[in-house]
Amino acid sequence: VYVIKNSFELILAFDDLISLGYRESVTMSQVATYLEMESSEEKFHKMLMKARENEAKEAAKKHALEAQRRRAQGLDPSPGGIEGKTYDADRDALSGTSTTGSSSSYEPTKTTTSSSSSSSFNKTSTTDTTKTSKAPKKSMKLKGKTSKQEGAVLAAVDNESGADLFQETTKESEEAKESPQMDALLEPVHVEVEERITCEINADGELQSLEVKGKLFLSFHDPHKTKVLLKMKPLDSRKFNVRPHPCLNRTTWEEERGLTTEDSEGFPHGERILALKYKVNKTGEKDLPFSIQFWGSKSGGKSVITLECEFNGRQKFMSSLNNITFGFPLDDSIDPEIKNVENGSPDYDSDSSTLKWTVPVLDKEQNDSAKIEFTTTTEVEAIFPITVNFSSEQLYANFELEEAVNLGGDQSLNVKMIKELAADNFTIVSD
């Protein structure tokens, strides 16, 4: 009853959702053009075609008078096809078609003035009409001499500022194509920090190697907001080795941890710029995101595999991990038998013969551990290396933006910060 009572409001809400779900970035000049719905090109094209139609009618009258004069003198009324063939060509030129016989066989007579003018008309009307029918812009590029009526049309358009409007519209469209456009749905500046961890742990959980590297990228989506100064929160130099790009102002970076260009031109627009590279120094087991314990044994001719993982609360870099996936390579054609799963879900990929165990979340509080136990015909030693993938929005290098200054004007500067930590080559190897 409540839905029926408010059906009209629900329909309006869905209509707004569908309508406003699609957005398009347009300029004010484009909005004005859409509202006016006028085309100076179409207006000019119609006036020009009307002038040529009138010119064709006048030419036809001249041909008729010339034919009457020749009949009065007892001569052939249509030598060279003045009355018949030429008029057909004029009529075809106006209608946008062509008569093969008349246009190809006509040869102008040099002895009469009317024949000469007929020849030039046919040539002009056939060529210009063909070009004009293709596109309105090309009709402005007239070849040969301009007729009086066409000149009058051009003058009338100039008086009405139609030609100026057309030129301004063309100029604006060309400038819009050449000038970079801004996407109104994006923040003017994006700061992206990508961190990759490479690690190797043995089956007993002992660390073999650990390396954490990162990159900071800058993206500018507004061409008018590329001259900026981004002040970052200082990092502990004892833990992190940071190297700025050579094109950045090194003095500004060393004194106030500011990212800005060496010159006054600003950052390039529409490109993803690598601004910083860094590396975590002196990593150890205390810096691991989680710890693992692997157990493998034999029972009834099958291998019994148990893997436990626990979130490492000793490290102070991150408080949670997302989508931790363990990949166990198996070489048997029989699906493994899952005995026990605590936190997560297993999935066997028969194409790659890999058992994938995915744990949605590992954190310090409710989901601090996970465990899986399964049996397989694959030997214990053949299961290694076990691959591990995970992601997190918390980084080892806690980059934070303290201040964003727009050096190119007084406008405010909105900055979007994106952080991503992912495993690059994280494996568990045999003892």
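The accessible surface of the protein comes to about 26,200 Å², and 50% of it belongs to carbon and sulfur atoms; accessible areas come from the Shrake-Rupley method with a 1.4 Å probe, and for residues only the protein chains shown count as cover. This is a predicted model, in which local features need pLDDT of at least 70 and side-chain atom pairs count only at pLDDT 80 or more, while totals for chains, interfaces and linings use all residues. Residues are numbered from 1 along each chain as its sequence is written, and side-chain values use heavy atoms, with hydrogens and water left out.

**Overall make-up**

- The protein has 10 helices and 16 strands; helices (H or I, at least four residues) and strands (E, at least two) are DSSP runs, numbered from the N terminus.
- Of the 431 residues, 34% count as buried. Buried means under 20% relative accessible area, exposed means over 50%, and partly exposed is in between (1.4 Å probe, protein chains only).
- Among contacts between residues at least 6 apart in sequence, 74% join residues at least 24 apart; contact means heavy atoms within 4.5 Å.

**Salt bridges**

- The whole structure holds 14 salt bridges, a salt bridge being a side-chain nitrogen of Lys or Arg within 4 Å of a carboxyl oxygen of Asp or Glu.
- One of them joins the side chains of Glu-420 and Arg-196, with 3.6 Å from N to O. Glu-420 belongs to strand 16 (residues 415-429) and Arg-196 to strand 1 (residues 189-202), so this pair ties together parts that are 224 residues apart in sequence. Glu-420 is partly exposed at 35% relative accessibility, and Arg-196 is partly exposed at 29%.
- Another pairs the side chains of Lys-231 and Glu-256, at 3.2 Å from N to O. Lys-231 sits in strand 3 (residues 228-232) and Glu-256 in helix 10 (residues 250-256), and the pair links distant parts of the chain, 25 residues apart. Glu-256 is partly exposed, with a relative accessible area of 35%.
- Glu-379 and Lys-298 also form a salt bridge, their closest N and O atoms being 3.2 Å apart. Glu-379 is in the loop between strand 13 (369-376) and strand 14 (386-392), and Lys-298 is in strand 7 (residues 290-299), so the pair ties together parts that are 81 residues apart in sequence. Both count as partly exposed, Glu-379 at 42% relative accessibility and Lys-298 at 47%.
- A network of salt bridges links Glu-192, Glu-194 and Arg-272.

**Cysteines**

- The structure holds 0 disulfides, where a disulfide is a pair of cysteine sulfur atoms within 2.5 Å.
- Cys-199 is buried, with a relative accessible area of 2%, and Cys-309 is buried at 2% relative accessibility.

**A nonpolar surface patch**

- Tyr-2, Val-3, Leu-10 and Phe-14 make a nonpolar surface patch of about 470 Å². Patches are made of residues with over 30% relative accessible area and no salt bridge; like charges are joined within 9 Å, and nonpolar side chains (Val, Leu, Ile, Met, Phe, Trp, Tyr) within 5 Å.
- Helix 1 (2-5) and helix 2 (7-20) are the elements that give two or more residues to the nonpolar patch.
- Leu-10, found in helix 2, is partly exposed at 37% relative accessibility.

**Backbone features in loops**

- A cis peptide bond joins Phe-384 and Pro-385, with omega about 0°. Pro-385 lies in the loop between strand 13 and strand 14.
- Lys-282 has a phi near 55°, a positive value in a residue other than glycine. Lys-282 is in the loop between strand 6 (272-280) and strand 7, and is exposed, with a relative accessible area of 76%.
- Ser-353, in the loop between strand 11 (345-349) and strand 12 (354-363), has a phi near 50°, a positive value in a residue other than glycine.

**Surroundings of Asn-202**

- Asn-202 lies in strand 1 and counts as buried at 6% relative accessibility.
- The side chain of Asn-202 reaches the backbone nitrogen of Glu-206 at 2.7 Å.
- Leaving aside neighbours within four places in sequence, Asn-202 is in contact with Gln-208, Ile-292, Ile-428, Val-429, Ser-430 and Asp-431.

Methods: A polar contact is a pair of N or O atoms within 3.5 Å; within protein, one must be able to donate a hydrogen and the other to accept it, and residues adjacent in sequence count only if both atoms are side-chain atoms.
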